[in-house]
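I am opening a notebook on a structure that is new to me.

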Amino acid sequence: MYGFKEGYNTLEKEYIFKYQEEVFAAFIKDEIDEKKMYLAPYRKDNKPGCYFKYDDNGILYFHDWATFTHGVNCIGFVRECLNMSFMEALNYIEFSIINNSKKVINPIVKYKPERKLNIKKDIFISIRSWNSVDKKFWSSYQISSKNLFEDRVYAICAFSSFKKDTFEPFTINTKQSYAYTDFKDNKKKIYSPFEKEYKWFTNCTQNDIGGKFKEKGILIITKSYKDYRVLKNQGLNVCWFQNEGQVPNNMILEKLIKNKDKIIVWFDNDNTGIGAGNLVKDIINDIKPNIATNITLDPSLFNKGIKDPSDLLKIKGKQELEKFIKKNISKWNK
């Protein structure tokens, strides 16, 4: 993710960020609204699927999952738009935008040659046999081998793909990883539960929604396969997003919520999860008013290591999960 170089003056950093909305608006040509979807100005983009989000420190990030693996701040955004170095972007922001903030800004966006965004970035997996370690892990969430087979989840010993920038091939050997493969176009998501730095690897985008669900009735949206399967095993109609920060575009959302009676967004009970849940609820309600609500577990449970449905089942047991569902979800069936 683009950001400030180590050692860059903190006061200058704060000064730049005071004008972050103006910087983004100079290129977006629209007001900044966390509830709106935008086109990416630095690439060919016909369908609004990008969005803005403030972090806990008030820094505004632009999210474009077709280009970046993370959101970019205003400096990274300018670098991408104008193909500039870090210092060039700082100078441009200060002298062309901030010092001319009272004038109409019409920066020329230099469109680069078409990126290799449409090149199929396959992930190849080496499937291994299930073992006692796998059984212990998944059974702690009461997820059976039958569930995993149905959902096309495989235990793997290695996976390979291509580097994002150079497209050089690489291979990762792993002791305990799983491949989620039930996506269109042969896309995959690799889950390594005990890796801290490389827990996830995927060629999915925010528009790849996981799970099999009914087209009518109540639909629960969660943010991981584990939560999806735990809730599905409770007889609920569920789908899962790639993560809390990845929201499908409006066209996908419109199709998702069509013919549904109610949408329940259930993300984590920390600040990020609560904020993301509210955002997704608001976006859906903008498409179809009053259809969506969001719920979370009691935030006090977070200090006990419980943030989501799968944690609640694992730590507190099935009875506590059923109790929460009865109180917060079953009422919508009445």
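**Entry 1, the second largest pocket.** I looked up the lining of the second largest pocket, whose residues divide into four nonpolar, one polar and five charged, where Ala, Val, Leu, Ile, Met, Phe, Trp, Tyr, Cys and Pro count as nonpolar, Asp, Glu, Lys and Arg as charged, and the others, Gly among them, as polar. I note that this is a predicted model, in which local features need pLDDT of at least 70 and side-chain atom pairs count only at pLDDT 80 or more, while totals for chains, interfaces and linings use all residues. Residues are numbered from 1 along each chain as its sequence is written, and side-chain values use heavy atoms, with hydrogens and water left out.

A pocket here is an open set of points on a 1 Å grid over the protein atoms alone, with protein on both sides within 12 Å along at least five of seven lines, and a cavity is a set where a 1.4 Å probe fits but cannot get out; lining residues have an atom within 4 Å of a point. The second largest pocket holds about 210 Å³ of space, a volume being the space filled by probe spheres set on grid points that are joined across faces, edges and corners. Among its lining residues I find Leu 297, Asp 298, Lys 316 and Phe 324. Helix H10 (309-316) and helix H11 (318-328) each supply at least two lining residues, and H11 gives the most, with five; helices are DSSP runs (H or I, at least four residues) numbered from the N terminus.

I counted one cavity of 30 Å³ or more, and about 90 Å³ of space lies in the largest cavity. Its lining includes Asp 151, Val 153, Tyr 180, Tyr 225 and Trp 240, and the lining divides into six nonpolar, two polar and three charged residues.

Which residues touch the most other members of the largest nonpolar core? They are Tyr 225 and Trp 266, in a core of 33 residues, a core being a set of buried Ala, Val, Leu, Ile, Met, Phe, Trp, Tyr and Cys residues joined through side-chain atoms within 4.5 Å. Buried means under 20% relative accessible area, exposed over 50%, and partly exposed in between (1.4 Å probe, protein chains only). Helix H7 (residues 225-232) gives the most to this core, with four residues. A second, separate core of 31 residues includes Ala 40, Phe 52, Phe 77 and Phe 86.
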